[in-house]
Amino acid sequence: MAKAINPLEGVDLERFYLNCQTREGAPVVIRTIEPDDKYEMLALYPTLSQRSLYMRFFRVIQQPTLDEIERYTRVDPKTHLALVALWGPEQRLGAAGRLIRATPDSDVAELSCLVIDELQHRGLGRLLNTKLVEAGRLWGITRVIALVHSENTPMLRLLKGLGYPTELVYDEGEFTVTLDTHNPPCRDNATHHATLTAMHQGIEP
């Protein structure tokens, strides 16, 4: 059997830069996060709804300082794979996502992502997460875990639709979503997943 090819094969993950487009044809650049992105992130913060922030952080958070933002933009490339999506011809920062692993040799990483309100439901989050997980596979990740609020159905649908075998475990208002990324994505996996519950409540997102 021929070896499946990761479309990002050969990409330098510490200097990741990819021109692509959403399903609507909007141009998008996905690249490695840079320390100076903190300025645009800080400027975008007031535009984010409390719901978007709560879905991402599971709590209400106050306006961060520039120093607090910097810890998201100045990362250790051995344990953090952090990408941003720049939208449109003017390359506005529209989304950011990351994989974090506990140690440099771990093959398990936790995924998180935030899309600004104005650009939600336009395919930007799916595009960013697709490339993030593909890059993660090159990074040696074989299992991706995401904690998703039970009301965040768009993110649940997005993760299940990436094409990897998926397990969802529900407990106390949130899902732990686990993607098996040993192998490339498959269309069949996008419609089949296992849902488990800690309390055996039969909850299906």
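Predicted model: local features only at pLDDT ≥ 70, side-chain atom pairs only at ≥ 80, totals over all residues.
Residues are numbered from 1 along each chain as its sequence is written, and side-chain values use heavy atoms, with hydrogens and water left out.

## Overall layout

The protein has five helices and nine strands. Both kinds of element are DSSP runs numbered from the N terminus: helices are H or I with at least four residues, and strands are E with at least two. Read from the N terminus, the order is β-β-α-α-α-β-β-β-α-β-α-β-β-β.

Of the 205 residues, 43% are buried. Here, buried means under 20% relative accessible area, exposed means over 50%, and partly exposed lies in between, using a 1.4 Å probe and protein chains only. The protein exposes about 11,200 Å², and carbon and sulfur atoms supply 51% of that area. These areas come from the Shrake-Rupley method with a 1.4 Å probe; for residues, only the protein chains shown count as cover.

Contacts are heavy atoms within 4.5 Å. Among contacts between residues at least 6 apart in sequence, 63% join residues at least 24 apart.

## Salt bridges

Side chains of opposite charge can pair when their charged atoms come close. The structure holds eight salt bridges, where a salt bridge is a side-chain nitrogen of Lys or Arg within 4 Å of a carboxyl oxygen of Asp or Glu.

| Pair | N to O distance |
|---|---|
| K38 and E70 | 3.4 Å |
| K131 and E134 | 3.7 Å |

R31 is buried at a relative accessible area of 11%, and D37 is buried too, at 5%. These two also belong to a network of salt bridges that links R31, E34 and D37.

K38 lies in helix α1 (residues 37-44) and E70 in helix α3 (residues 66-73), so the pair ties together parts that are 32 residues apart in sequence. Both K38 and E70 are buried.

K131 and E134 sit three residues apart in helix α4 (residues 124-138), separated by about one helical turn. An α-helix has 3.6 residues a turn, so residues three or four places apart point the same way. K131 and E134 are both buried.

## Helix α4

How does the span of α4 agree with what its 15 residues should give? At 1.5 Å a residue the helix should span 21 Å, and its end C-alpha atoms are 22 Å apart, which agrees. The expected span is 1.5 Å times one less than the number of residues.

Because 11 of its 15 residues are buried, α4 is largely enclosed by the rest of the structure. Among the buried residues are L124, L127, L128, L132 and V133. Their cover includes strands β1 (17-21), β2 (27-32), β3 (80-87), β4 (92-100) and β5 (108-115), along with helix α5 (153-160). After α4 comes G140, whose phi is positive, near 100 degrees.

V115 belongs to strand β5 and counts as buried at 12% relative accessibility. Leaving out residues up to four places away in sequence, V115 touches G94, A95, Q120, L124 and G125. V115 and G97 are 18 residues apart in sequence, with their C-alpha atoms 8.6 Å apart in space.

S112 is also found in β5, and its relative accessibility of 16% makes it buried. Beyond its neighbours within four places in sequence, S112 is in contact with R56, A96, G97 and R98. The side chains of S112 and R56 are joined by a polar contact of 3.3 Å. A polar contact is a pair of N or O atoms within 3.5 Å; within protein, one must be able to donate a hydrogen and the other to accept it, and residues adjacent in sequence count only if both atoms are side-chain atoms.

Strand β7 (residues 166-171) has T166, L168 and Y170 on a covered face and E167, V169 and D171 on an uncovered one.

β7 pairs with strand β8 (residues 174-180) in the antiparallel sense over six bridges; strands pair if DSSP finds at least two bridges between them. E174 in β8 is the bridge partner of D171. The two strands form a hairpin with two residues between them, and E172 in the turn has a positive phi of about 50 degrees.
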